[in-house]
Amino acid sequence: MLRIDIIHSVSKCVLSRGCLGRAPRLPPRRMLHLSPGSRTLTSGQPEPMGQTGTDYFRTTEDNPVNHTMKHEGLFYTIPRDDVKRIFPVGYSTRWERMIKPFNEAAVMIRRPTVEAIDIIRQTNPDHLPVKQILFGRKGSGKTMCLNHIIHHCHSAGWLVAHVHSANNLNLRNKYDFVDSVSHEGMYDQPITSAEWLKQFKLRNEHFLKKLSTSERYVWNKREATEKGEPLLAVVEQGLTRPKNATDVVGVILKELQIQSFNKEFKTLLAIKAVNGLFAGDTAFRKHGGYIIQVPELALHMHFRKFLRGDWVNGSIVTTVDQRFCYKEPNEEYTPLYLLGKKGFDFMDPFVPLFVDNYTDKEFESQMAYYESKSWIQSEHVKSDQGKLYLKKLSDMNPSELDKLVAWM
């Protein structure tokens with residue numbers, strides 16, 4: 001049984017972190033182009049219970065294309081066989097490790113996700129894509145919201161270009177850099193680029209077979225991709241010749257930009273921790289001690305070019321993240337702080353979407369889900385008083401709550 005004095009002590013520690021408070025006020029953005037019609041969130045009557053009375057935390061609507069605000073706070077299920085295809089990389093580690101013990105891949109439908117999806121639905125395809133930035137405290141669920149949006153667009157038949165963490169691009173594979181042949185004074189990342197092409201192909205192979213190159217691309221004296229060949233041939237060039245992988249990423253993104261005006265497909269650009277594209281130092285150190293800077297990486301340059309949004313018939317959804325961030329450790333999590341002035345001006349105009357900790361309804365749904373999976377063993381924790389303690393201890397932060405119930 002939990003001792004009251006210990007709980008109060010830990011609660012005082014948690015609450016003293018300064019993580020409580022309202023979302024910061026942001027300056028009004030410029031007008032965005034949305035399609036005619038209603039500009040309010042899709043609403044409706046609350047979703048009815050599941051198939052049994054104990055399944056009140058679930059929805060029977062598992063197609064994310066149909067999710068609206070009436071599904072807020074409820075869980076939907078992704079077939080386990082589809083998880084790796086929909087999310088080859090980039091899903092929440094916390095969520096991934098629970099799939100096996102829970103024997104299902106369940107995702108909670110949250111308000112910021114529905115708001116972002118509603119903006120995507122209303123965006124005029126003839127105009128440039130609307131940029132959205134999900135931001136919030138550590139562990140508030142930004143990554144899962146982004147993944148839900150990716151699942152929505154994937155299910156709607158969109159082409160998905162996903163950067164699973166721009167911050168990680170600056171830190172992982174710290175010896176993965178070579179002088180760029182195509183861009184003097186810059187550096188390619190062959191391994192990282194090939195990994196991105198692999199997951200991009202896994203998600204979008206049917207698009208790559210149908211789309212053709214708009215011009216001839218020469219890779220070296222003996223190899224070239226002719227005009228009119230499938231884009232899949234370009235991707236294969238990067239996978240079989242990693243030395244060319246960074247240039248191939250640039251070619252693919254350039255072709256998507258050009259061909260977006262044909263209106264043959266819709267594109268989602270999803271970037272986790274987009275602030276990593278505007279960072280300073282990297283973990284890459286040359287002989288002699290020189291630290292390579294982010295602006296010197298050709299892969300980042302290609303992603304930033306596509307992030308400008310000089311294309312149509314699509315949408316851009318990103319997050320800003322404090323993890324592995326070049327900024328000093330800080331409780332600040334706003335886009336302006338994490339992006340810096342340069343990155344903020346680059347992204348402007350954008351729609352900021354605050355991902356808060358759980359609401360009361362979301363907390364109750366999450367606790368009910370844990371109980372349905374027998375993840376919580378203690379009867380004291382299942383009681384109303386026990387749930388109240390968990391609310392205080394976790395501040396209803398999804399990550400903190402997950403850590404706490406793991407011991408109960």
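**View 1. Leucine 171 is partly exposed, with a relative accessible area of 35%.** Partly exposed lies between buried, under 20% relative accessible area, and exposed, over 50% (1.4 Å probe, protein chains only). The model is predicted: local features need pLDDT of at least 70, side-chain atom pairs count only at pLDDT 80 or more, and totals for chains, interfaces and linings use all residues. Residues are numbered from 1 along each chain as its sequence is written, and side-chain values use heavy atoms, leaving out hydrogens and water. Leucine 171 sits in the loop between α6 (166-169) and β5 (178-179). Helices (H or I, at least four residues) and strands (E, at least two) are DSSP runs, numbered from the N terminus. Leucine 171 and alanine 283 are 112 residues apart in sequence, yet 5.0 Å apart in space, C-alpha to C-alpha.

**View 2. Helix α12 (residues 360-372) packs with helix α14 (residues 384-394).** Their angle is about 120°, and their axes are 12 Å apart. Axes are lines fitted to C-alpha atoms, for helices over the stretch in contact; angles run from 0 to 180 degrees between N-to-C directions. On the α12 side, the contact (heavy atoms within 4.5 Å) includes Phe363 and Met367. On the α14 side, Leu390 is one of the contact residues.

**View 3. The largest nonpolar core has 47 residues.** Such a core is a set of buried Ala, Val, Leu, Ile, Met, Phe, Trp, Tyr and Cys residues joined through side-chain atoms within 4.5 Å. Trp196, Leu256, Phe303 and Leu307 touch the most other members. Helix α9 (residues 245-259) gives the most to this core, with seven residues.
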